[in-house]
Amino acid sequence: MYDFRPAPGASKPDSYADLLAAADGLTAGERDTVANMANVAALLWEFLPDVNWTGFYRVVGGELVLGPFAGRPACIRIAFGSGVCGGAAAQAKTQLVPDVHAFPGHIACDALTLSELVVPVLRDGKVVAVIDLDSPMHGRFDQEDAKGIEALAKLLADRI
Ligand code: SME
């Protein structure tokens with residue numbers, strides 16, 4: 001049985017160190033990319049408080065296509081440059097959005113979402129996927145979350 005949760009009272013950096021160790025344990029030695037993304041999406045869902053969507057979009061044929069996730073069914077295809085995910089993919093840069101309604105072009109898959117963090121996964125300098133986290137709270141994600149998820153993206157670069 002797996003039970004991954006942050007230690008009560010742990011700082012954000014410590015929690016992300018635990019999250020990274022758990023993600024490493026779940027994906028090390030497994031070559032199936034769908035299995036790895038599925039387990040990490042579920043891990044993020046379990047581990048992070050106040051999120052309503054955690055998952056992956058993969059770069060397929062020059063656009064983003066929905067990958068394994070936890071949460072409500074979501075938009076399937078997103079063009080590079082479109083919305084928060086497409087922006088992260090086009091710029092190969094983390095997008096930290098405290099208020100999605102103030103983000104021009106935000107794609108509302110779930111009306112409950114108020115803030116969002118999207119981190120690109122790069123392999124050999126190319127974006128191969130993005131990790132998308134949504135929250136029903138304004139300003140849920142900060143620089144420490146961005147750093148933690150960027151470290152996760154690095155870990156997963158060769159595993160998804
Ligand atoms: N809001 C995202 C779309 C993906 S869903 O949040 C799962 C965006 O603007 O790219």
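This is a predicted model: local features need pLDDT of at least 70, side-chain atom pairs count only at pLDDT 80 or more; totals for chains, interfaces and linings use all residues.
Biologist: Okay! How many cavities of 30 Å³ or more does the count come to?

Modeller: The general idea goes like this: rolling a probe the size of a water molecule over the atoms shows where empty space is left. Here, the count comes to 1 cavity of 30 Å³ or more. About 120 Å³ of space lies in the largest cavity.

Biologist: Which residues lie nearest the centre of the largest cavity?

Modeller: Look for Cys85, Ile107, Cys109, Glu116 and Asp132, which lie nearest the centre among the 16 lining residues. Strand E1 (53–60), helix H3 (83–91) and strand E6 (126–135) are the elements that each give two or more residues to that lining. The largest share, 3 residues, comes from H3. Now use our classes: the lining has 8 nonpolar, 4 polar and 4 charged residues.

Biologist: On to the helices. At what angle do H1 and H2 pack?

Modeller: Helix H1 and helix H2 (residues 33–47) pack at about 155°, and their axes are 10 Å apart. An angle over 145 degrees counts as roughly antiparallel, so that's what H1 is to H2. The crossing of H1 past H2 is right-handed.

Biologist: Which residues make that contact?

Modeller: From H1 you'll find Ser15, Asp18, Leu19, Ala22, Ala23, Leu26 and Thr27, and from H2 there are Asn36, Asn39, Val40, Leu43, Leu44 and Phe47. Sorted by class, the H1 and H2 contact has 8 nonpolar, 4 polar and 1 charged.

Biologist: And H1 with H4: are they roughly parallel or roughly antiparallel?

Modeller: H1 (residues 12–27) and H4 (residues 143–156) pack at about 20°, with axes 10 Å apart. Angles under 35 degrees count as roughly parallel, so these two helices are roughly parallel to each other. H1 passes H4 in a right-handed crossing.

Biologist: Which residues of H1 and H4 meet?

Modeller: Among those in H1 are Tyr16, Leu20 and Asp24, while the H4 side includes Gly148, Ile149 and Leu152. By class, the residues of this contact divide into 10 nonpolar, 2 polar and 4 charged.

Methods:
Residues are numbered from 1 along each chain as its sequence is written. Side-chain values use heavy atoms; hydrogens and water are left out. Axes are lines fitted to C-alpha atoms, for helices over the stretch in contact, and angles run from 0 to 180 degrees between N-to-C directions. Helices (H or I, at least four residues) and strands (E, at least two) are DSSP runs, numbered from the N terminus. Angles under 35 degrees count as roughly parallel, over 145 as roughly antiparallel, 65 to 115 as roughly perpendicular and the rest as oblique. A crossing is left-handed if the near helix is turned anticlockwise from the far one by less than a right angle, and right-handed if clockwise. Contact means heavy atoms within 4.5 Å. Ala, Val, Leu, Ile, Met, Phe, Trp, Tyr, Cys and Pro count as nonpolar, Asp, Glu, Lys and Arg as charged, and the others, Gly among them, as polar. On a 1 Å grid over the protein atoms alone, a cavity is a set of points where a 1.4 Å probe fits but cannot get out, and a pocket is an open set with protein on both sides within 12 Å along at least five of seven lines; lining residues have an atom within 4 Å of a point. Grid points are joined across faces, edges and corners, and a volume is the space filled by probe spheres set on the points.
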